[in-house]
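Subject: Structure handover and notes

Dear colleague,

Here is the structure I promised to pass on, with the sequence alongside.

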Amino acid sequence: MLEKQREDEESNEKHLIHLLTLMDTDGDQTITFDEFAVSLESKEVVDYISALEVEISDAKVFFQMLDVDGSGKVDIIEFISGMRKFRGEAKSVDIQMMIHENKKLFKLVSGLVGVLLAQEDDEYD
């Protein structure tokens with residue numbers, strides 16, 4: 001069973017590499033959001049993503065979640081690990097999107113709280 005699982009993972013990884021290659025129009029082994037968005041118009045890419053059981057309801061948020069380092073580009077490691085994470089029922093993608101959005105919201109609220117506390121300190125000085 002373990003051998004079969006390893007073979008399935010290797011096969012899946014090869015499919016993900018091929019998918020990234022289809023999306024990577026400039027051949028730099030990374031994809032930008034523009035490349036990602038344009039590739040979602042390709043039937044071949046959409047079929048690949050469907051076969052992987054990944055549902056993309058919001059391309060921009062999905063790309064941001066793949067772009068772990070925030071560089072504006074998704075490399076092969078980010079792509080494979082992200083696509084594995086989102087594989088399966090749409091519920092898991094939705095949960096990952098909510099986590100991503102919550103992290104962004106937390107950063108925003110934390111920044112606002114910091115500004116408000118600084119203003120409050122200035123008022124008392």
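Phe33, Phe36, Phe62 and Phe63 form one aromatic cluster, where rings of Phe, Tyr and Trp (its six-membered ring) pair if their centres lie within 6.5 Å, with planes under 30 degrees apart counted as stacked, over 60 as edge-to-face and the rest as tilted. Please keep in mind that this is a predicted model, in which local features need pLDDT of at least 70 and side-chain atom pairs count only at pLDDT 80 or more, while totals for chains, interfaces and linings use all residues. Residues are numbered from 1 along each chain as its sequence is written, and side-chain values use heavy atoms, with hydrogens and water left out.

By the ring rule, the count comes to 3 aromatic pairs. The ring centres of Phe33 and Phe63 are 5.8 Å apart with the planes at 70 degrees, so this pair is edge-to-face. Phe33 lies in helix H2 (residues 33-39) and Phe63 in helix H4, so the pair ties together parts that are 30 residues apart in sequence; helices (H or I, at least four residues) and strands (E, at least two) are DSSP runs, numbered from the N terminus. Phe36 and Phe63 also form an aromatic pair, a tilted one, at 5.7 Å centre to centre and with 45 degrees between the planes. Phe36 is in helix H2 and Phe63 in helix H4, so here the parts tied together are 27 residues apart in sequence.

As for accessibility, buried means under 20% relative accessible area, exposed over 50%, and partly exposed in between (1.4 Å probe, protein chains only). Phe36 counts as buried at 1% relative accessibility, and Phe63 is buried at 5%, whereas Phe33 is partly exposed, with a relative accessible area of 28%. In helix H4 (residues 59-66), the buried residues include Val61, Phe62, Phe63, Met65 and Leu66. At the start of H4, a side-chain oxygen of Asp58 reaches to within 3.2 Å of the backbone nitrogen of Lys60, which is a polar contact (a pair of N or O atoms within 3.5 Å; within protein, one must be able to donate a hydrogen and the other to accept it, and residues adjacent in sequence count only if both atoms are side-chain atoms).

Turning to charged residues, side chains of opposite charge can pair when their charged atoms come close. A search of the whole structure finds 4 salt bridges, a salt bridge being a side-chain nitrogen of Lys or Arg within 4 Å of a carboxyl oxygen of Asp or Glu. In one of them, the side chains of Arg84 and Glu13 meet at 3.0 Å, N to O, and this pair links distant parts of the chain, with Arg84 in helix H5 and Glu13 in helix H1, 71 residues apart. Arg84 is partly exposed at 39% relative accessibility, and Glu13 is partly exposed at 31%.

Another salt bridge joins the side chains of Lys73 and Asp28 (3.1 Å, N to O). Lys73 lies in strand E2 (residues 73-75) and Asp28 in the loop between H1 and E1, so the pair ties together parts that are 45 residues apart in sequence. In that loop, between helix H1 (2-23) and strand E1 (30-32), Gln29 is also found; its phi is near 65 degrees, a positive value in a residue other than glycine, and Gln29 is exposed, with a relative accessible area of 63%.

Which residue is buried yet has no salt bridge? This is Glu78, for which the nearest side chain of opposite charge, Lys85, is 9.9 Å away, where Lys and Arg count as positive and Asp and Glu as negative, and His and the chain ends are not counted. Glu78 lies in helix H5 (residues 76-86), and its side chain reaches the backbone nitrogen of Val68 at 3.0 Å. Not counting residues up to four places away in sequence, Glu78 touches Leu66, Asp67, Val68, Asp69 and Lys73, with contact meaning heavy atoms within 4.5 Å.

Finally, the unreviewed UniProt entry carries the annotation "domain: EF-hand" for residues 11-46 and 54-89; its positions are given in the numbering used here, feature names are shortened, and annotations may be inferred rather than shown by experiment. Over residues 11-46 the chain is 67% helix and 8% strand, with the end C-alpha atoms 18 Å apart.
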